[in-house]
Amino acid sequence: MGEQNGNRMMSVEIGLEMHKVEAPPHRSTIKKLQTRLKETFFPDDPLRQFKGQSAKKKWILGAQYAFPILKWGPEYSLKLFKFDVVAGLTIASLAIPQGISYAKLANLPPIVGLYSSFVPPLVYAVLGSSRDLAVGPVSIASLVMGSMLRQQVNPVTDHILFLQLAFTSTFFAGLFQASLGFLRLGFIIDFLSKATLIGFMAGAAIIVSLQQLKGLLGITHFTKKMGLIPVISSVFRETDEWSWQTILMGFCFLVFLLITRHISIKKPKLFWISAGAPLLSVILSTIFVFAFKAQDHGVSVIGNLEEGLNPPSWNMLQFRGSHLGLVVKTGLITGILSLTEGIAVGRTFAALKNYQVDGNKEMIAIGLMNVVGSSTSCYVTTGAFSRSAVNHNAGAKTAVSNIVMSVTVMVTLLFLMPLFRYTPNVVLGAIIVTAVIGLIDIPAAYQIWKIDKFDFIVLLCAFLGVILISVQEGLAIAVGISILKVLLQITRPKIVMLGNIPGSDIFRNIHQYKEAIKLPGFLILSIEAPINFANITYLNDRISRWIEDCEAEDETLKHSELGFVILDLSAVSAIDTSGVSFFKDLRRVLDKKSLKLILVNPIGEVMEKLQRSDDTRDLMKPDSLFLTVGEAVTMIMSTRKNHV
């Protein structure tokens, strides 16, 4: 009865014309290798613009590719400059207090934060391809660098050594970043998934905020550990050091900064309120401390800052000694984090303005500006989201806004440094807390929870790892779980059973399409992943179990016996020698069970490798190879009917 139903369902399709499965055109091994390398390292085909151009034009295009400023610079106008000046001055008002604050977060002298907001933006303006990216120190890289280096070197007692290691770590970070761009290896940073970054940044934001309790409460003796428990324990262990004057001032400015941030979020056109709030806080608090001599009443201040532009620091780079491993590891981790943030921010705002940002150019630009920065007393910098958002909202048109910001910082370094002498540390802590709160993205976490529970576990592991263990261990755990997820997807590929949509020759997943029904005598499966050495054991076990289940079901329901196993290979994009052997072994096993193996639509590389391995022509016979599942079933049923 089941067989009659199957014949009746497919009878309307018997007259369909059968299509031959074509083998891909022959290509030499060299040609295949060239194609594979091009797709891996040059998916954007950067050389296409040089085709058909004269030698002179090629030189011009080459110079513009290496230095994007040469492309937009000749077309620059006074009208654009007006917008860039406003944007540059606006982000400078944010960059100055942030630079000082983030340097303290990295356990570096505050002046280094201003140095890092002067030279790197100039380098990026020449080499970068984003119009909106505002360059400078960022909280995450500052936190990671400070915490990693502090594990082996005390920034207070060995401040010179700590500074040397920070500059050397910056050099290695830049070298690694630029190397990724030159070697076209940007896909490496893709291992930091969205879930990993959201969890990591949320955890880091909490740790950063808790670290600011030292300044917000006026505590002198504070733990050097970064975990949640040590920090909380340190806060309540030193209650006798709490300063009510510091707490009151910190609370007032923190509320002020949070209110201005809330206003700008609710009304984006008022972005300038939150952009100018940090600098206004610094000015007001400095005046207050100076007027009331608050430094004599328990309020700690920055103190004297060195005047002048960045001193050279290439003589401070340490390429030997017992700390070499530490600076390489620190540079690698901070380099990846800052690169990921910079490229993500650049692409976000490029999408809003409908222009392209070249990822490899960005890697080279960010890397070279950090290499140059390490020689000019700067630590790791990248494109910060908060600063770039202000730059974008302020109407920046080109990277000239970075130049304007840099010039403003230069003027500050040359003439305005004495004004920061009475700036209280508590205000810098409030600025940092306000800045990192934006890194806690609860809506994005909830969205990940709704879409993919495994990704949410990755997010949670990153978050808990950062706040309970340490920043770098938390990141490592999250990356490890993300890689485990990828490995599981490779070793456990998706394979589904297909059924026929009644009245058609369409076959779909029977668990997704309730109307799809299994055809008696057929086991139709779709493999939806590359087949390789890592998953052939799973595929073999899974298919064998399906065959046993079908045979048992046919016997129970008295259907016609299973006679054909059809594998739809349309979604199998690649195969290796182990995968080829899998098909050969499967063919032999099915032959012993008097079952016929049918392959449907093997594509490209899969078809070619199966053909080369099929010396006896058993696997790729015309009656075992079809273009669609519908044609395969139709032909088999037609042959059966004729034999009957």
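Me: In which helix is the place of D549?
Reply: This is a predicted model, and in it D549 sits in helix α23, which spans residues 536-557.

Me: Is D549 buried, partly exposed or exposed?
Reply: The label follows from relative accessible area: under 20% is buried, over 50% is exposed, and partly exposed lies in between. D549 has 42% relative accessibility, so it counts as partly exposed.

Me: Which residues gather with D549 in a patch of negative charge?
Reply: On the surface, D549 is grouped with E548, E551, E555 and E561 in a patch of negative charge.

Me: Which residues form a nonpolar patch on the surface?
Reply: The members are L309, V407, V411, L414, F415, L416 and L419, and together they have about 580 Å² of accessible area. One of them, V407, belongs to helix α18 (residues 400-416). V407 is partly exposed because its relative accessibility is 38%.

Me: What does S169 look like by the accessibility reading?
Reply: S169 has 0% relative accessibility and therefore counts as buried. Its place is in helix α9, residues 159-182. Apart from neighbours within four places in sequence, S169 has contacts with M145, L149, V327, T330 and G331.

Me: How much of the chain is buried?
Reply: Of the 644 residues in the chain, 51% are buried. The chain exposes about 30800 Å², and 63% of that comes from carbon and sulfur atoms.

Me: Where are N107 and S377 found?
Reply: N107 is in the loop between α5 (78-105) and α6 (110-115). S377 is in the loop between α16 (359-374) and β2 (382-383). With 22% relative accessibility, N107 counts as partly exposed. S377 is at 5%, so it counts as buried.

Me: What is the overall make-up of the chain?
Reply: The chain contains 26 helices and eight strands. Along the principal axes, its C-alpha atoms fill a box of roughly 105 × 65 × 55 Å. Among contacts with a separation of 6 or more, 79% are between residues 24 or more positions apart.

Note on methods:
Residues are numbered from 1 along each chain as its sequence is written. This is a predicted model: local features need pLDDT of at least 70, side-chain atom pairs count only at pLDDT 80 or more; totals for chains, interfaces and linings use all residues. Side-chain values use heavy atoms; hydrogens and water are left out. Patches are made of residues with over 30% relative accessible area and no salt bridge: like charges are joined within 9 Å, nonpolar side chains (Val, Leu, Ile, Met, Phe, Trp, Tyr) within 5 Å. Accessible areas come from the Shrake-Rupley method with a 1.4 Å probe; for residues, only the protein chains shown count as cover. A salt bridge is a side-chain nitrogen of Lys or Arg within 4 Å of a carboxyl oxygen of Asp or Glu. Lys and Arg count as positive and Asp and Glu as negative; His and the chain ends are not counted. The place of a charge is taken as NZ of Lys, CZ of Arg, CG of Asp or CD of Glu. Helices (H or I, at least four residues) and strands (E, at least two) are DSSP runs, numbered from the N terminus. Buried means under 20% relative accessible area, exposed over 50%, partly exposed in between (1.4 Å probe, protein chains only). Contact means heavy atoms within 4.5 Å.
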